[in-house]
Protein chains: 2
Amino acid sequence: MKIAVLGTGMVGRTIAGALAGLGHDVVIGTRDPQATLARTEPDMMGAAPFAQWHAANPGISLAPFADAAAGVELIVNATNGAGSLAALTAAGTENVAGKVIMDISNPLDFSQGMPPSLNPVNTDSLGEQIQRTFPEARVVKTLNTMNASVMVDPARVAGGDHTVFVSGNDADAKAAVTDLLKGFGHRDVIDLGDITSARGAEMLMPIWLRIWGALGTGAFNFKIAR
Amino acid sequence: MKIAVLGTGMVGRTIAGALAGLGHDVVIGTRDPQATLARTEPDMMGAAPFAQWHAANPGISLAPFADAAAGVELIVNATNGAGSLAALTAAGTENVAGKVIMDISNPLDFSQGMPPSLNPVNTDSLGEQIQRTFPEARVVKTLNTMNASVMVDPARVAGGDHTVFVSGNDADAKAAVTDLLKGFGHRDVIDLGDITSARGAEMLMPIWLRIWGALGTGAFNFKIAR
């Protein structure tokens, strides 16, 4: 499948690399490719400069948001939550219309210091904001509840015996995303319901951060035992 | 141990019954025992009238909040979230000072319809509100992330292979609560940190409600796979 991954941080790279490894035709979207490639310092999360990763992954192209989104069947939103609406707007309403947007971002707000809070939260979610802003797109919230390395290689935690959630209004879009998730090795996919259920999925982030602190590793995931 | 359980709903009854079954000396606290015993209709959650339950559990006494809290070593807050501060205030600052308050409630706000939202949320929590209101008490948030029947009998889900969280500022209080949890059969207790980590634990409720809807049963729990 032709897939655009929006976002050049660790999450975007990890998803893009895994999708390419599964045989998909992947392009990474960014605001300004020249600026992205020109950076020589690690990003705010400590990831190596993009150009270094790009040199090691020559099969994945880099393009402006709109060019990346134009020719694909599915768009992965792997930008940081605060920049997601701007990135998708830059991608262009006409380029996202009718397409599945797999939204794996979290609306973390670092403006009040650590730990970050969520914005929006509780009575709204970033997934819903994206769906409202792009009513012709088919948004599916997923994968935001785990570390990037677990997203694409669930077997690295407890042999893959844990859970991933999907939220969205379109059953076909959720089925397409579920197929991608199973391609990564996810075995337990729970359909939470319509896109308003993204509130609950996004609200896992605060306890995720505390568990990360308690365990000293991001190599864990939520499993719904039943 | 002498334990007061504040709250006469399904959660309070379940916890009180289980603690009594483990040999603890349990009293249930309520605003007005006569009024509680006089009710003949099921409560808003569909639980049978309290008097009916009480007749079947004669070893557990019922007392006004203050009388219940006065003589005990540990207080369980099993009131509904909207009424928790009022219940503890009625119990009396002098009766909660120095004691462990095991706070198992959720600050669900039904005022905007279904599904309920949380209030407070994100940058505050009910656990923190209780700790701030009663600075001499030692609040431990726990058990709010699962169904009452799973709280006291974890083995009924996946043989008990799932997780319970504790949040609080006092290490001894968390140790005492952890002992009670292990008495119920909980094997995986994760210490999330200080009472501010109750935010994350309370923010599990929205996805819990969606999972409940998706699975059609409350017989599940979060497990942190690692």
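In the predicted model, Lys223(A) stands opposite Lys223(B), a residue of β11(B). The two strands concerned, β11(A) and β11(B), the latter spanning residues 221–225 of chain B, pair in the antiparallel sense over five bridges. Within this pairing, Asn221(A) has Ala225(B) of β11(B) as its bridge partner. Five of the five residues of β11(A) are buried, so the strand is largely enclosed by the rest of the structure. Burial applies to both faces of β11(A): Asn221(A), Lys223(A) and Ala225(A) are buried on one side, and Phe222(A) and Ile224(A) are buried on the other.

The contact between the two chains takes 34 residues from chain A and 34 residues from chain B. On the side of chain A that touches chain B, at least two residues each are supplied by β7 (117–118), β10 (188–193), α10 (198–202), α11 (205–215) and β11 (221–225) of chain A. The largest share of this side comes from α11(A), with seven residues. Divided by class, the side of chain A that touches chain B has 19 nonpolar, nine polar and six charged residues.

Chain A also holds an open sheet of eight strands, in the order β3-β2-β1-β4-β5-β8-β9-β10, with mixed pairing. Its edge strands are β3 (61–64) and β10 of chain A, each of which pairs on one side only. On average, and with direction ignored, neighbouring strands of this sheet are turned by 25° against each other.

The axes of α5 (residues 84–91) and α7 (residues 126–133) of chain A come within 10 Å and cross at roughly 25°. That angle makes α5(A) roughly parallel to α7(A). The crossing in which α5(A) passes α7(A) is right-handed. From α5(A), the contact involves Ser84(A), Leu85(A) and Leu88(A), and from α7(A) it involves Leu126(A), Gln129(A), Ile130(A) and Thr133(A). The residues of this contact comprise four nonpolar, three polar and no charged.

In chain B, helix α7 (residues 126–133) is mostly covered, with six of its eight residues buried. These buried residues of α7(B) are Leu126(B), Gly127(B), Glu128(B), Gln129(B), Ile130(B) and Gln131(B). The elements that cover them include the strands β4 (74–77), β5 (100–103), β8 (138–142) and β9 (163–168) of chain B, together with the helices α5 (84–91) and α10 of chain B.

Ala198(B) is buried, because 33 other C-beta atoms lie within 10 Å, and a count of 20 or more is taken as buried. Leaving aside neighbours within four places in sequence, Ala198(B) is in contact with Gly127(B) and Glu128(B), and also with Ser125(B), Lys141(B) and Ser167(B). Between Ala198(B) and Val140(B) there are 58 residues of separation in sequence, and their C-alpha atoms are 8.6 Å apart in space.

A further alanine, Ala66(A), is placed in helix α4 of chain A (residues 65–70). Ala66(A) is partly exposed, with 16 other C-beta atoms within 10 Å. When residues up to four places away in sequence are not counted, Ala66(A) touches Ala90(A), Ala91(A), Gly92(A) and Asn95(A). Ala66(A) and Ala4(A) are 62 residues apart in sequence, with a C-alpha to C-alpha distance of 10.0 Å.

Note on methods: Residues numbered from 1 in each chain as written. Chains lettered and ligands numbered in written order. Predicted model: local features only at pLDDT ≥ 70, side-chain atom pairs only at ≥ 80, totals over all residues. Axes fitted to C-alpha atoms, helices over the stretch in contact; angles between N-to-C directions. Helix = DSSP H or I, 4+ residues; strand = E, 2+ residues; numbered from the N terminus. Parallel < 35°, antiparallel > 145°, perpendicular 65-115°, else oblique. Left-handed = near helix turned anticlockwise from the far one by under 90°. Contact = placed C-beta atoms within 7 Å. Nonpolar A, V, L, I, M, F, W, Y, C, P; charged D, E, K, R; others polar. Buried ≥ 20, exposed ≤ 12 C-beta atoms within 10 Å, placed from the backbone. Pairing = 2+ DSSP bridges.
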